[in-house]
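Notebook open, model loaded. I want to jot down what I look up as I go.

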Amino acid sequence: MSVMEQDSAGAPARASLMNDPKVRSIFYQLVLVVAVVALGYFIVSNTITNLERQNIASGWGFLENTAGFGTNQSLVEYSETSSYGRALYVGFLNTLLVAAVGIFFATLLGFIIGIARLSNNWVINRLAYCYVELVRNIPLLLQIFFWYFAVLRAIPGKREKWSIFDTFHLNIGGMRLPKPIWEPGSEWVGYALIIGIIASYFVSRWARKRQENTGQQFPVFWSAMGLIVGIPIITYFVTGMPMTLEHPNFVESGPILRQGFELNVGINVIPEFLALTAALSIYTASFIAEIVRAGIQAVSHGQTEAAHALGLRNGPTLRLVIIPQAMRVIIPPLTSQYLNLTKNSSLAVAIAYPDLVSMGGTVLNQTGQAIEIIGIWMAVYLSLSLITSAFMNWYNQRMALVER
Amino acid sequence: MSSTNLFHIRTEEAPHMAAPISTTGIIGWMRQNLFSSISNTVLTIIGILLAYWLIAPLVQFALIDAVWTGQNRDACLPQDGGHSGACWAYVKAYFPQFIYGRYPSEEVWRVNIVYALFLLLLVPLAIPSAPFKRLNAILFLIVFPIIAYYLLTGLVIGDWVVLPIVETAVWGGLLVTLVIAVTGIVASLPLGIALALGRRSKMPIIRTISIVFIEFWRGVPLITVLFMSSVMLPLFLPEGVTFDKLLRVLIGVTLFSAAYMAEVVRGGLQAIPKGQYEGAMALGLRFWPMMYLIVLPQALKLVIPGIVNTFIGLFKDTTLVLIVGMFDLLGQIQSSFTDPTWSTPSQGHTGYLFAAMVFWCFCFGMSRYSIFMENKLHTGHKR
Amino acid sequence: MSKKILPLVLGAAMGVAATTAAGATTLEDVKAKGFIQCGVSQGLPGFSNPDAQGNWTGLDVDLCRAMAAAVFGDASAVKFTPLSAKERFTALQSGEVDVLSRNTTWTMSRDTQLGLNFAGVNYYDGQGFMVRKDLGVTSALELSGASVCTNTGTTTELNVADYFRSNNMPYEIVAFEKADEVVAAYDAGRCDVYTTDASGLYAQRLKLTNPGDHMVLSEIISKEPLGPVVRQGDDEWFNIAKWTLNAMLNAEELGVTSANVDEMKASDNPSVKRLLGAEGAFGEAIGLSNDWAYNIVKNVGNYEESFNANVGPDTPLGISRGVNALWNKGGFMYAPPVR
């Protein structure tokens with residue numbers, strides 16, 4: 001911090017050489033490098049002495065030790081006998097999961113609210129406005145507490161449930177879904193899905209070429225959907241339906257403790273995940289809505305009028321003319337909102353969702369390896385940020401190329 | 001004989017006819033804005049239902065079922081198994097703690113003076129037409145922090161106790177929230193400007209270091225920064241040197257927000273037309289005079305809304321300090337939940353609702369101000 | 001703009017200067033600054049809990065006050081730092097606090113790998129289970145398939161994993177950062193079972209909507225000896241912590257209370273005389289004055305007084321002495337003699 005100040009303070013020292021901009025610039029940079037290296041050395045040497053003095057064993061060996069604690073959500077095999085390293089990996093995957101699902105819903109909700117903000121309908125317009133102003137001016141942590149503690153009290157208890165079509169169930173223990181059990185032969189369905197995706201890629205390329213050459217449109221969306229959904233379904237039936245659904249088992253008799261949903265049958269989406277996803281999506285959506293509104297407003301009104309003059313109706317105008325142009329304005333701030341959401345998912349530590357920070361905190365407590373754990377946290381979030389922004393920059397460049 | 005005037009010229013305007021009832025007034029407005037088409041009507045009805053469904057329970061809880069007075073939990077317990085409303089009596093009993101934390105009650109006047117001074121200096125600074133801007137800014141940014149520092153922490157000269165020392169450990173509530181947010185933003189401003197200039201510098205090492213610094217802090221979540229400053233900072237320092245806990249949090253928050261501030265300032269610097277730089281150089285100004293006299297005054301004026309928005313973000317983020325064991329407003333409210341005297345089912349909801357209202361008022365007010373400034377500043381640079 | 005940095009740098013410099021200068025021993029540091037910095041919990045009724053005025057009370061708090069009384073003769077020469085479970089050890093390691101008295105379980109790894117020393121046990125606790133009465137559960141062995149709420153980062157989380165695993169019972173763990181969040185989630189019905197140290201269960205039950213609807217099961221599944229912790233490598237300070245606790249226990253054993261300590265000073269019992277400094281120079285041997293134990297009992301009281309005032313049967317927690325009674329009354333509390 002003080003480093004940056006030095007290039008003004010050190011300036012008048014050498015008057016004769018000062019007039020040569022090259023020398024001056026090298027001098028400034030040298031000062032900065034020396035200062036940064038000195039600061040780094042100061043920190044590292046102090047840390048080493050402090051660790052030695054306090055007999056703290058540092059190093060990465062602890063990652064191999066048995067963790068001994070359980071978790072309520074893991075995407076990979078994990079038990080109390082797994083290692084600390086495995087526990088951190090479970091936390092990392094949980095972070096990715098909540099970030100991915102959160103980004104999906106935040107984008108969906110954000111676009112809906114953003115477009116509603118521009119609606120001619122006064123009620124819808126005002127509702128969207130109130131939503132944005134209410135949600136983005138209240139701290140996220142508070143909203144997470146609200147979704148978890150206030151909403152938790154409102155849904156049915158462990159021995160009751162709300163059901164939709166007798167397939168999806170909700171109670172305080174979470175949302176229960178049927179779990180697909182894949183049997184031998186089901187790998188063909190997976191291959192079929194991949195083939196479908198590749199085929200639809202080529203179809204869309206061919207369709208674009210044809211439209212450019214002949215002006216004839218081809219229903220790309222529907223044919224791609226047909227390929228991606230249709231081929232696997234046909235394969236599924238051809239291979240003799242190699243999948244069964246494991247439905248959640250709701251026990252209604254026996255001791256009261258055993259009543260309710262049986263553990264580990266079907267998929268259970270834990271309420272911590274639901275609350276965190278809801279809070280993250282709703283909070284971030286309020287920012288995305290503003291970005292979308294600003295993006296759409298940035299497209300000049302002449303574009304809308306021209307599209308209308310060409311005979312396009314409201315829907316196609318929005319979809320084909322306005323949104324593609326608005327996207328260029330929208331994408332850079334949207335990226336940073338995605339990154340914010342990912343970073344904000346670390347607030348999971350406040351409710352019992354086992355994300356990277358929460359699992360890491362438990363490991364930190366059991367082992368006392370503060371530096372290593374915080375290092376892992378920072379490295380992981382930093383890489384996630386850099387990867388996301390690299391991807392979005394690439395995407396942004398592609399979008400920007402449309403401009404001639 | 002008498003010529004009959006067959007044509008008629010109106011010398012005065014015909015009385016205005018009222019527009020059809022269906023296009024004016026409330027009805028016309030509703031027709032136009034709410035029921036212009038079938039889909040619009042459906043949307044309107046859904047919207048109204050949604051609003052009712054959201055607002056009714058809130059009003060019921062916060063106003064109709066609420067308990068306004070009482071001495072302890074008995075007042076707020078649900079009567080014969082019914083639902084209980086907000087327990088405002090509990091907020092009233094804890095109000096001083098929410099505002100001052102555990103600041104000794106006989107010293108609270110010092111906090112009040114700081115609050116009053118803060119408002120007194122900030123309000124004229126925020127109003128664009130108020131006079132004495134320069135003096136005001138000097139008072140607010142240089143004199144006020146010194147006075148506030150000694151007022152809040154205490155002042156002892158030799159053996160003469162002017163103001164008794166008050167440990168930062170007993171600070172809490174809104175006081176801590178404001179101290180962290182205001183210090184964070186004021187301290188991060190110069191650092192952010194330096195980083196923004198560094199990032200635009202032509203010197204490769206300075207630019208690289210600035211970029212690494214900015215991207216590092218922007219890439220990690222604040223919560224890990226806070227963990228780092230509260231857990232690791234002591235390890236970075238020589239033996240025996242320890243920081244005050246609040247100061248450690250302040251350092252973490254400042255570095256974190258400086259990175260965001262740098263990006264805001266960079267936006268302002270980029271918005272200054274190249275001609276301004278060239279003009280300044282043509283006048284023979286060197287780098288710092290050019291920045292200080294020409295570029296920064298324009299750029300900073302442009303980024304006032306951005307700074308306010310960063311401040312809003314920081315203000316909301318101060319709640320995270322509760323996770324590292326500081327008592328900001330939300331932390332103080334949470335810690336009051338452990339008091340069995342007021343423990344009721346509605347205590348938590350009431351506390352969170354109160355916190356939400358306070359944060360909302362602050363943040364909404366600031367965002368209005370930001371929009372106001374944006375509109376005011378927009379005129380000069382609109383193409 | 002750079003002018004703005006000035007007051008902040010000034011403030012920062014003041015903040016650093018106000019804290020301890022590097023000193024040779026903890027005792028010298030403490031004497032130089034005039035108070036003991038004591039790490040406590042963020043609020044556990046009966047052990048360390050601030051009231052509405054911000055005064056800390058509790059069994060763990062009394063131990064810190066007793067140490068202050070031993071060093072300064074003044075039980076108020078102590079400042080409290082509330083610490084989360086996560087921060088507590090680094091706060092002690094880095095010198096932010098001088099002693100950690102925060103219902104911390106004495107385990108081998110904490111004692112040996114973290115550069116810390118446990119100075120004794122001021123409360124023998126054990127992990128228990130609390131359930132709703134209407135579940136009809138009478139034993140912890142019936143808890144198969146239950147979801148369990150607990151605190152993250154504590155030994156309880158490990159114990160419950162061991163217990164369910166060794167009994168081949170499936171379970172779902174829901175681990176929270178703060179005790180208040182565990183209580184709120186358990187109260188909302190997220191979990192069937194709330195597990196933590198038995199003393200904690202009694203304390204937290206007070207915060208439930210209907211405390212009468214819940215019961216603590218009789219099984220205790222772990223040993224949780226809670227005690228004060230100091231940094232390794234400073235034996236003088238370690239002794240002071242250790243013998244402050246022992247003095248409180250010995251005082252109870254010898255019948256010395258804060259009410260009768262002045263009369264007891266003239267007692268004929270040589271044990272009492274040695275404890276209260278009328279005979280021998282035991283205080284000087286640990287770097288304190290000889291009336292150190294007199295100051296502890298006079299200002300804070302003996303262990304029994306502290307126990308009864310904070311967690312005993314007449315407090316809302318209503319915990320009986322049980323295993324925390326003195327060794328000659330059927331408990332585990334056994335302090336080496338002063339001689």
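This is a predicted model: local features need pLDDT of at least 70, side-chain atom pairs count only at pLDDT 80 or more; totals for chains, interfaces and linings use all residues.

Residues are numbered from 1 along each chain as its sequence is written, and chains are lettered from A and ligands numbered from 1 in the order in which they are written.

**Domains.** I looked up the division of chain B and got domain 1 (25–64) and domain 2 (88–103 + 166–381); such bounds come from an automatic or database domain assignment. The C-alpha centres of these two domains of chain B lie 38 Å apart.

**Helix pair.** In chain A I checked H4 (residues 84–117) against H9 (residues 271–298): they pack at about 40 degrees, axes 6 Å apart. Helices here are DSSP runs (H or I, at least four residues), numbered from the N terminus. Axes are lines fitted to C-alpha atoms over the stretch in contact, and angles run from 0 to 180 degrees between N-to-C directions. H4(A) is therefore oblique to H9(A) (under 35 degrees is roughly parallel, over 145 roughly antiparallel, 65 to 115 roughly perpendicular, the rest oblique).

**Chain contact.** How many residues of chain B are in contact with chain A? I find 48 residues of chain B in contact with 48 residues of chain A (C-beta atoms, placed from the backbone, within 7 Å). Helices H2 (38–64) and H7 (173–199) of chain B are among the elements giving two or more residues to that side. H15(B) gives the most, with 10 residues.

Note on methods. Two residues are in contact if their C-beta atoms, placed from the backbone, lie within 7 Å.
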